[in-house]
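Colleague: I would like to learn how to read packing features from a model like this one, with the cut-offs spelled out as we go. Could we take them one at a time?

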Amino acid sequence: MGDKVSRRELLRNAALAAAALALPAPLVACGKEGAPPAGQKADPDLERLTSWTGKLYAEGLTGPETPLGRGAIRVGELAIGTPYVPYTLEAYLKGGGSPLQEPLTLSLTRFDCVTLVESCLAVARLANREDPQTWERFGREIERMRYRGGERHGYTSRLHYFSEWITDGERRGLVKDLGAELGGAEDARRLRFMSEHRAKYPALADDDVFREIETIERRLDHHPRRVIPTKRIPQVVNRIETGDVLAFATEIPGLDVTHAAFAHRSADGILRVLHAPLSGGVVEVTRRTLPEYVAAIRRSTGILVARPLRI
């Protein structure tokens with residue numbers, strides 16, 4: 001989504017949502033290490049990992065006294081202008097791969113909305129560790145956010161519904177769900193978007209995978225979301241910190257959210273949105289304030305908010 005969101009764009013995003021809201025990135029295998037052999041070009045992903053972690057350290061954005069979100073938002077600022085690319089996590093399926101064995105795909109040179117969130121958090125966490133900032137360790141950080149319980153197995157182990165990304169992450173100490181604290185209203189609608197739009201998800205052509213997704217959806221019935229209503233956002237905007245994770249809730253049947261991003265408070269104190277939008281095509285900070293941005297999204301019901309934690 002861009003700063004200006006049309007009904008057509010929203011519905012297009014919804015069609016992408018449950019699959020693309022599970023994270024993308026180019027097919028970069030986990031395992032890049034060190035400098036390239038003589039005569040070969042430097043790897044742009046590794047260059048960014050090294051450069052960005054170094055900047056966080058140099059700018060004093062590491063250490064237990066600094067909120068993790070501040071480091072993550074700085075990484076997001078460094079990523080501004082990076083292309084939005086959808087479906088990269090699904091590429092292995094188009095290439096004939098099995099949904100029973102999902103590879104770990106990573107990138108710092110292209111993002112979709114969720115991949116940007118995860119990658120910024122992963123880089124910020126790496127910068128806070130004394131261990132070397134290797135591509136393998138970056139992959140481990142992504143894996144424990146992207147998959148249920150931090151364990152990657154098949155396609156169904158991925159956290160396809162972003163509200164579950166939040167609840168699963170909270171259960172393991174990765175984030176704190178601020179829904180109740182900010183006066184969020186309970187959204188107990190059943191999530192059935194994937195199973196009711198089976199044809200949109202290539203992995204669901206496998207009957208066993210489809211049945212497992214149905215089981216997961218039913219399990220989520222016991223975990224209602226806390227959504228801060230659109231009209232309440234101006235009242236709580238000063239309690240949302242830069243680097244908090246935002247998810248934009250929707251009234252589209254069977255779906256929890258249509259987009260994920262970061263809250264970005266600029267030097268002027270105004271809270272905006274830092275995200276990888278489908279319509280804009282690159283990572284950006286919106287011109288509109290957070291309340292204005294949410295109000296412009298048709299069929300939006302508000303936001304989910306989660307605060308990144310150090311772990």
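Colleague: Is W135 buried or exposed?

Modeller: A residue counts as buried under 20% relative accessible area, as exposed over 50% and as partly exposed in between, using a 1.4 Å probe and protein chains only. W135 has 0% relative accessibility, so W135 is buried. Please keep in mind that this is a predicted model, in which local features need pLDDT of at least 70 and side-chain atom pairs count only at pLDDT 80 or more, whereas totals for chains, interfaces and linings use all residues. Residues are numbered from 1 along each chain as its sequence is written, and side-chain values use heavy atoms, with hydrogens and water left out.

Colleague: How many aromatic pairs does the protein have, and how is the pair of W135 and F138 arranged?

Modeller: A pair of aromatic rings is described by the distance of the centres and the angle of the planes. Rings of Phe, Tyr and Trp (the six-membered ring of Trp) pair if their centres lie within 6.5 Å, and the planes are called stacked when under 30 degrees apart, edge-to-face when over 60 and tilted for the rest. This rule gives 3 aromatic pairs. In one of them, W135 and F138 are tilted, with 4.9 Å from centre to centre and 40 degrees between the planes. Both residues belong to helix 6 (residues 135–146), where a spacing of 3 residues amounts to about one turn of the helix; helices (H or I, at least four residues) and strands (E, at least two) are DSSP runs numbered from the N terminus. F138 has a relative accessible area of 0% and is therefore buried.

Colleague: Which residues touch the most other members of the largest nonpolar core?

Modeller: In soluble globular proteins, nonpolar side chains tend to be buried together. A nonpolar core here is a set of buried Ala, Val, Leu, Ile, Met, Phe, Trp, Tyr and Cys residues joined through side-chain atoms within 4.5 Å. The largest one has 51 residues, and those touching the most other members are L121, F138, F162, W165 and F262. Among the elements that each supply at least two residues are helix 2 (44–58), helix 6, helix 7, strand 7 (257–265) and strand 10, while helix 5 gives the largest share, 11 residues. Another core, of 19 residues, lies apart from it and includes L182, V237, V273 and L290.

Colleague: What does V305 contact beyond its neighbours within four places in sequence?

Modeller: A contact means heavy atoms within 4.5 Å. V305 lies in strand 10 (residues 300–308) and, those neighbours aside, is in contact with residues including K176, L178, L182, I228 and L246.

Colleague: Where does Y87 lie, and what is its phi?

Modeller: Most residues other than glycine have a negative phi. Y87, in the loop between helix 3 and helix 4 (91–94), has a positive phi near 70 degrees and is partly exposed at 34% relative accessibility. R299, in the loop between helix 11 (290–295) and strand 10, likewise has a positive phi near 70 degrees, and its relative accessible area of 29% makes it partly exposed.

Colleague: What is the average pLDDT of the protein?

Modeller: The pLDDT is the predictor's confidence in each residue, from 0 to 100. It averages 89 over the protein, and 87% of the residues score at least 70. Over residues 1–31, however, it is below 50, although this stretch has 115 contacts in the model beyond near neighbours in sequence. Residues 33–38 are also below 50, with 7 such contacts.
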